[in-house]
Amino acid sequence: VQTPQTNWGELIRAAATNASLKHTYWPEIERVVAEQIRSARMGLGKGAWQLFVEDGEMKMYRREVEEDGLVVDPLKATHQVKGITGRELCHYFFYPEYRYDWEGTLETMNVVDKIAEDTILFHQIHKRIWPAAQRDATFWSHLTHVPDEENKSEDSPHMWATVNSSVELPSHPPNGGKQVRIYLTIILMGQTIISPAAKGREIKRDDITCKITYCAVVNPGGWAPSSVLRAVYKREYPKFLKRFTAYVLEKTKNLPIKL
Ligand code: 18C
């Protein structure tokens, strides 16, 4: 649980590498990451969020929002996966070398610039959905964490997160190619809960559960039929979260636990 006093900006700064802190994007990264963490940790509150997918521990909520006639429905998903940590979850989501393994909407991914170990600039071209035009995106991605070695309880602020947020890159102007530029703001956050039964002995994968929150706002950037779009994300978001978490489980099952 966060108090209104939790200074996420300060916590994010403390975790960041010097190369990230020195970059011209840093003030924006800090602002967006803090805002994303704050809203990801907020409950669903009353009204507005409607549950549209439920599958075991995985729940997905959306708010129907249109801007200039385009569907930009914010999504909020929660999930719990036994056997992985928040750090492992965010590691595989952040680093480009794994992306083709799990990202099913991808046509191509390019690292435009590796600003630092914890901040990377990407250009991605996504698969085309008929009858709409193909989409691309340019965004920064930042990996952060708030450590809490002593008290890994649900209400401590510890967590790992990767935030992706659109940015204009002069090297890749929007609609420069044949794609329509999409605009996204996404957070994947993981908190590791250790079973009290593991106290005083070596922790096994059976003792850990990762509490996951994934929030996304994607603006399709140009015309796309609302009904097709809503059908696409209803299919793609659950597919992503199931496939990606299964991937992390598979990759880590025989590795030492990284808390
Ligand atoms: O967060 C995710 N992935 C990250 C790393 O890639 C990153 C990227 C997010 C952008 C995803 C948007 C892709 C839209 C492209 C079209 C979809 C192609 C489907 C292909 C089917 C085979 O943060 C995981 C992302 C999980 C997938 C989310 C899908 C969201 C759909 C939103 C629609 C946007 C425009 C669609 C174009 C018109 C369709 C009628």
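Biologist: Where is Ile 186 found?
Modeller: Ile 186 lies in strand 11, residues 183–194. Strands are DSSP runs of E, at least two residues, and helices are runs of H or I, at least four, numbered from the N terminus. The model is predicted, so local features need pLDDT of at least 70 and side-chain atom pairs count only at 80 or more, while totals for chains, interfaces and linings use all residues. Residues are numbered from 1 along each chain as its sequence is written, and side-chain values use heavy atoms, leaving out hydrogens and water.

Biologist: What does Ile 186 touch?
Modeller: Contact means heavy atoms within 4.5 Å. Not counting residues up to four places away in sequence, the partners of Ile 186 include Gln 36, Phe 93, Val 163 and Tyr 214. Tyr 214 is 28 residues from Ile 186 along the chain, with 7.4 Å between their C-alpha atoms.

Biologist: What makes helix 4 mostly covered?
Modeller: Seven of the nine residues in helix 4 (residues 86–94) are buried. Among them are Leu 89, Tyr 92 and Phe 93.

Biologist: Why is helix 1 called oblique to helix 3?
Modeller: The axes of helix 1 (residues 8–15) and helix 3 (residues 26–41) cross at roughly 120 degrees and come within 9 Å. That angle makes helix 1 oblique to helix 3. Under 35 degrees is roughly parallel, over 145 roughly antiparallel, 65 to 115 roughly perpendicular, and the rest oblique. Axes are lines fitted to C-alpha atoms, for helices over the stretch in contact, and angles run from 0 to 180 degrees between N-to-C directions.

Biologist: Which residues of helix 1 make the contact?
Modeller: Trp 8, Gly 9, Ile 12 and Arg 13 do. On helix 3, the contact includes Trp 26, Glu 30 and Val 33.

Biologist: How do you know that strand 6 and strand 7 pair?
Modeller: Pairing takes at least two DSSP bridges between two strands. Strand 6 (residues 106–116) and strand 7 (residues 119–126) have eight, in the antiparallel sense. A hairpin of two residues joins strand 6 to strand 7. Met 109 stands opposite Gln 124 in strand 7.

Biologist: What pairs with strand 5?
Modeller: Strand 2 (residues 58–62) pairs with strand 5 (residues 75–82) over four antiparallel bridges.

Definitions and conventions:
Buried means under 20% relative accessible area, exposed over 50%, partly exposed in between (1.4 Å probe, protein chains only).
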